[in-house]
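Keep the 3D view open as you read.

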Amino acid sequence: MTPATTPARARRPVVSRARHGKLLRHAVGVAVFLLAWELAARSGLLAWLPAASASLARVAGLAADPVFLGDLLSTLTAAFIGLPLAVLVAVPVGLLLGTVPVVEETTRAIVEFLRPIPSVALIPLALFFFQPEINAKVALIVYAASWPILINTLYGVRDVDPVATETLRSFGFGPAAVIWRVSLPSAAPFIYTGVRLAASITLILAISVEYFVGGSGGIGAFLIQASTGIGADAMLDVVATLLWAGIVGLAVNTVLLRAERRLFRWRHV
C-alpha cells in the first residue's frame, strides 16, 4: 500500500458513514411527517384530508392501474421530449450571449421582458398555434425550461478563466475552438445545474397544461377526473395522484444528482 493510496482508501469509510447517516436522517424526517399526517387526519384536525396510510395504499394501487400508468407515460413523454429540446435551444444561445458582449447587451431588454412571463399564461396561445395537445405541451415546456438553462449557461461562460481563453487564442485557435475546448467544458457544471432546475419545471408545466386544458391524457387529466368525483374516494385519488407527481419528481432529481456526481466528480471531492 503506497502513501498516496492510503488517504483515499481511508476516506471511503468516512464518506460511506456520512452517506448512511444522511439517508437515515431523511428516513426519520419522512417517518415523522407521515406520522404527523396520520395523527392529524385521524384526530379530525384535518378531517378533509385522507390518512397517510390510506393515501399510501392508494398510491400503491395506482401503480397497478393501467389508466393511470397511461396518463403517467403521457406526462413523462412530453417532459422527456421538451427537456432535450430546451437544452438544444438554450445552450447555444447562452454560449452566444456569454461570449459576444454586444449580442448580450442588445438582447438584454428582450430577455428580461420575456423571462418573467408565467408559462401557464401562455397556454391559450400555445394551443392556438400548436396542435395536437402534445405539441402545445412540448412547446411550453421548451419555453419554460430554456430559461434556467440559458441563464446558467450565461453565468458559466462568464466564470471561465480568461487566462485559459487567451492562451488558446495565442496559439492560433479561433472563436469556435475556444468555445468548444474551454468555454463549454468550463461551463458544463453550470449548464447541468440549469438542466436539473429545468427538469422539475418540465414536470410541473406538463401537469399544469393537462390540468388546465383537460385533455385526453396525462396526470393533469387524471387529476381533473379524480377531483370531479364525490366522497372520500375522490379526495383519496387526488392526494394519491399528487403524491405520485412528487415521487416522479424526486426520482428524476435523484437520477440527475447521481449522474452529476459521476460526470463532475472533481466538484464533490
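Which helix gives the most to the lining of the largest cavity? It is α3, with three residues. Please keep in mind that this is a predicted model.

**The overall fold**

The secondary structure is made up of ten helices and zero strands. Read from the N terminus, the elements run α-α-α-α-α-α-α-α-α-α. The chain has 269 residues, of which 36% count as buried.

**Two spaces in the structure**

Searching the whole structure turns up one cavity of 30 Å³ or more. The volume of this largest cavity is about 40 Å³. Its lining consists of L72, T75, L76, L203, I207, I219, A245 and V248. Besides α3, helices α8 and α10 (232-263) each supply at least two residues of that lining.

The second largest pocket holds about 230 Å³ of space. It is lined by G98, T99, V157, V160, D161, P162, T165, R169, P175, V178, I179 and S183. Two or more of these lining residues come from each of α3 (66-99), α7 (162-170) and α8 (175-213). Here α8 gives the most, with four residues.

Here are the two spaces next to each other:

| Space | Volume | Helix giving the most to the lining | Residues from that helix |
|---|---|---|---|
| Largest cavity | about 40 Å³ | α3 | three residues |
| Second largest pocket | about 230 Å³ | α8 | four residues |

Now turn to α2, which spans residues 52-62. Which of its residues are buried? They are A52, S55, V59 and L62. Because these four cover an arc of only 85° around the axis, they sit on the same side of α2. On the face turned away from that buried side, you will find the exposed residues A57 and A60.

**A nonpolar patch outside**

Let's finish at the surface. L125, F128, F129 and F130 form a nonpolar patch there, and together they have about 480 Å² of accessible area. One of them, F128, belongs to helix α5, which covers residues 123-129. Is F128 buried or exposed? It counts as exposed because its relative accessibility is 66%, and the cut-off for exposed is over 50%.

Terms used. Residues numbered from 1 in each chain as written. Predicted model: local features only at pLDDT ≥ 70, side-chain atom pairs only at ≥ 80, totals over all residues. Heavy atoms only, no water. Patch = residues over 30% accessible without salt bridge, like charges linked within 9 Å, V, L, I, M, F, W, Y side chains within 5 Å. Areas by Shrake-Rupley, 256 points an atom, 1.4 Å probe, with all protein chains shown as cover. Salt bridge = Lys/Arg side-chain N within 4 Å of Asp/Glu carboxyl O. Buried < 20%, exposed > 50% of the residue type's maximum accessible area, 1.4 Å probe, protein only. Arc of directions from axis to C-beta. 1 Å grid on protein atoms, 1.4 Å probe; cavity = no way out; pocket = protein on both sides within 12 Å on 5 of 7 lines; lining within 4 Å. Points joined across faces, edges and corners; volume = space filled by probe spheres on them.
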